[in-house]
2 protein chains.
Amino acid sequence: MLIGAVEAGGTKFVCGIGNEKGEVLDRVSFPTEQPEKTLAQVIDYFKDKPIEALGIGSFGPIDIDRASPTYGSVTTTPKPGWANYPVLPELRKAIGVPIGWDTDVNAAALGEATWGAARGLDSCMYYTIGTGVGVGVFAEGKLVHGMVHPEGGHVLTRRHPEDTYGGKCPYHGDCLEGMAAGPAIEARWGVKGHELAADHPAWEMEAFYIGQAISSAVLLLSPKRIILGGGVMHQMHLFPLVREQVRNNLKGYVVAASLESGIDEYIVPPGLGDNAGLCGSIALGLQALREAR
Amino acid sequence: MLIGAVEAGGTKFVCGIGNEKGEVLDRVSFPTEQPEKTLAQVIDYFKDKPIEALGIGSFGPIDIDRASPTYGSVTTTPKPGWANYPVLPELRKAIGVPIGWDTDVNAAALGEATWGAARGLDSCMYYTIGTGVGVGVFAEGKLVHGMVHPEGGHVLTRRHPEDTYGGKCPYHGDCLEGMAAGPAIEARWGVKGHELAADHPAWEMEAFYIGQAISSAVLLLSPKRIILGGGVMHQMHLFPLVREQVRNNLKGYVVAASLESGIDEYIVPPGLGDNAGLCGSIALGLQALREAR
Ligand SMILES: Nc1ncnc2c1ncn2[C@@H]1O[C@H](COP(=O)(O)OP(=O)(O)O)[C@@H](O)[C@H]1O
Ligand SMILES: Nc1ncnc2c1ncn2[C@@H]1O[C@H](COP(=O)(O)OP(=O)(O)O)[C@@H](O)[C@H]1O
Ligand SMILES: [Zn+2]
Ligand SMILES: [Zn+2]
């Protein structure tokens, strides 16, 4: 069975074909331009492919409320041409299979829960720490949507006592994204993250912010696993630092093996590696197919 | 149809009988003593009552993982006699109907989503701000359990710039509960909350902490309604202050009518008033009955 997958990013679109085992069989990538042009390329890619369903994990914010008249649109993005653009309705006109639609991070969370680092668990959270910070939430076996959709990258943070940087979020200044996304690291230290040595104080500060957000998420949602992806998390030495912060913050209040001896298997990198996005979209497509039956 | 309900609190137990409309038909209350004695009173109350199911919303932390060998126990409470006590197994021995079991705040969230302030919505959060701070989470039509259960009362907070109080949580010091529960108000200002005038600076500070926690919860979970109960929230003038803090924190980033003109209907008191706890337990009982069928 073939499932189509679209990883709709603000910089590039990745289209691919996978199967029900989450195997990626084909992939192409092109830069994100005006929506008409980009969607024409998507439609062209899938035109001759015998897919039974399609999944789209999209950059946002997007409308994922099925009862909304603008369901399937990108909403308030500053990206030229994309604000209020009806992505899903346009694709539906051209592609006659069930289509799943969700945020890129929710897609990644579902993919990880289906085939990756949270396989078999009925809850997990997926954080991407990259150009921005995004959070996907999978709880009680379902992706969480709610009123709009999770935007956990913008939670408030307590400042690191030695941090004098003001924060980069255009809305909140020193929210999590404003303090911990790649561009904040670059603005604070004057060089890109991958140029900073592993023993540079930047990383302890980075772990402070990420660990703080995760601690509050553990308290609020009690996910069974937390997956940290995105460019910044390529710095693998961040994982032990983040785990230590989480333990320091929780101070033994939440009693769970996953927060003690099991913490190395609790806060982990994506199990699907570079396929996390596409696999997530395949999982969305499979979910849409199940619902359509 | 009659459903039994138990509101199992650390100070008192409330037992009652309700129906499928969430109407409370009878109630009794007794102080929480040693578990054997207290559960004997519970069993005695329900002995002759023709209930078809029972729901228990319990103080915690408790084990709500159905796959766990200690499912149905209170876990690490300092309350004498109750640590690791198998509440649900003991009641099951004596009461032969389906029994629903969850945290008191999850029960309250379910009750509010069934008959109260979040009626008809598939997501809400229920905060109690009382002797402690507890949070129940209902998302995508289900109560959230996860690894242990939500403990959102202990999320980290950013300190109010004029607050010199150290915080009352024995684990974290200045977490949400440590800064905003009733005992923190009393310790900070030297008098109990109900003795402070409505224009006392205590309330702006209180709203600062509550609003901060809610802002992060809106970002992380995007609930469709947020219900604030517990003794401290009897101060109704806190509601507009909390709403203002939430709007100030979010700074228009999440675009939703519920955060603009609709915020008075978004952050609200419990719709079930003093019956919130019992109604929640009735809803848990009904849920257990549906699952048993
Ligand atoms: N190895 C690395 N170490 C530290 N930071 C990195 C690394 N690779 C990428 N980044 C940072 O991550 C950001 C890009 O994130 P990425 O997840 O790759 O893309 P995006 O978030 O745009 O999809 C940039 O700010 C970049 O500096
Ligand atoms: N009207 C009120 N105004 C302010 N604080 C109150 C009020 N009523 C109770 N409190 C405070 O709330 C706490 C008790 O919370 P409550 O929800 O009544 O019980 P519990 O949390 O123990 O179940 C106490 O710290 C008390 O001082
Ligand atoms: Zn922000
Ligand atoms: Zn605490």
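The two copies meet through the same surface, because 100% of the interface residues of chain A are also interface residues in chain B, contact being taken as heavy atoms within 4.5 Å. The model is a predicted one, in which local features need pLDDT of at least 70 and side-chain atom pairs count only at pLDDT 80 or more, whereas totals for chains, interfaces and linings use all residues. Residues are numbered from 1 along each chain as its sequence is written, chains are lettered from A and ligands numbered from 1 in the order in which they are written, and side-chain values use heavy atoms, with hydrogens and water left out.

The zinc ion (ligand 3) is coordinated at 2.1 to 2.4 Å by A:His154 (ND1), A:Cys169 (SG), A:His172 (ND1) and A:Cys175 (SG), where donors are N, O and S atoms within 2.8 Å of the metal (3.2 Å for Na, K and Ca) and, water not being among the atoms, sites may look incomplete. The four donor atoms subtend angles of 102 to 121° around this ion, which makes the arrangement tetrahedral (four donors with all angles between 85 and 135 degrees). In sequence, the donor residues of ligand 3 follow the spacing H-x14-C-x2-H-x2-C. A:His154 and A:His172, 18 residues apart, both lie in the loop between β8 (142-143) and α4 (176-180) of chain A, helices (H or I, at least four residues) and strands (E, at least two) being DSSP runs numbered from the N terminus. A:His154 is buried at a relative accessible area of 4%, and A:His172 likewise counts as buried at 11%; buried denotes under 20% relative accessible area, exposed over 50%, and partly exposed in between (1.4 Å probe, protein chains only).

In chain B, the zinc ion (ligand 4) is coordinated by B:His154 (ND1), B:Cys169 (SG), B:His172 (ND1) and B:Cys175 (SG), at 2.0 to 2.3 Å. The angles at ligand 4 run from 103 to 120°, and the arrangement is therefore tetrahedral. B:Cys169 is buried with a relative accessible area of 6%, and B:Cys175 is buried at 0%.

The structure holds four cavities of 30 Å³ or more, a cavity being a set of points on a 1 Å grid over the protein atoms alone where a 1.4 Å probe fits but cannot get out, with lining residues having an atom within 4 Å of a point. The largest cavity contains about 240 Å³ of space, a volume being the space filled by probe spheres set on grid points joined across faces, edges and corners. Its lining comprises 22 residues, of which A:Val155, A:Leu156, A:Ser216, B:Leu156 and B:Ser216 lie nearest its centre. At least two lining residues of the largest cavity are supplied by each of α6 (201-221) of chain A and α6 (201-221) of chain B.

A cis peptide bond, with omega about 0°, joins A:Gly60 and A:Pro61, and another joins B:Gly60 and B:Pro61. A:Pro61 lies in the loop between β4 (53-58) and α2 (87-94) of chain A.

Definitions and conventions. Four donors count as tetrahedral if all angles lie between 85 and 135 degrees; four count as square planar and six as octahedral if opposite donors are over 155 degrees apart and all others between 65 and 115; anything else is irregular. On a 1 Å grid over the protein atoms alone, a cavity is a set of points where a 1.4 Å probe fits but cannot get out, and a pocket is an open set with protein on both sides within 12 Å along at least five of seven lines; lining residues have an atom within 4 Å of a point.
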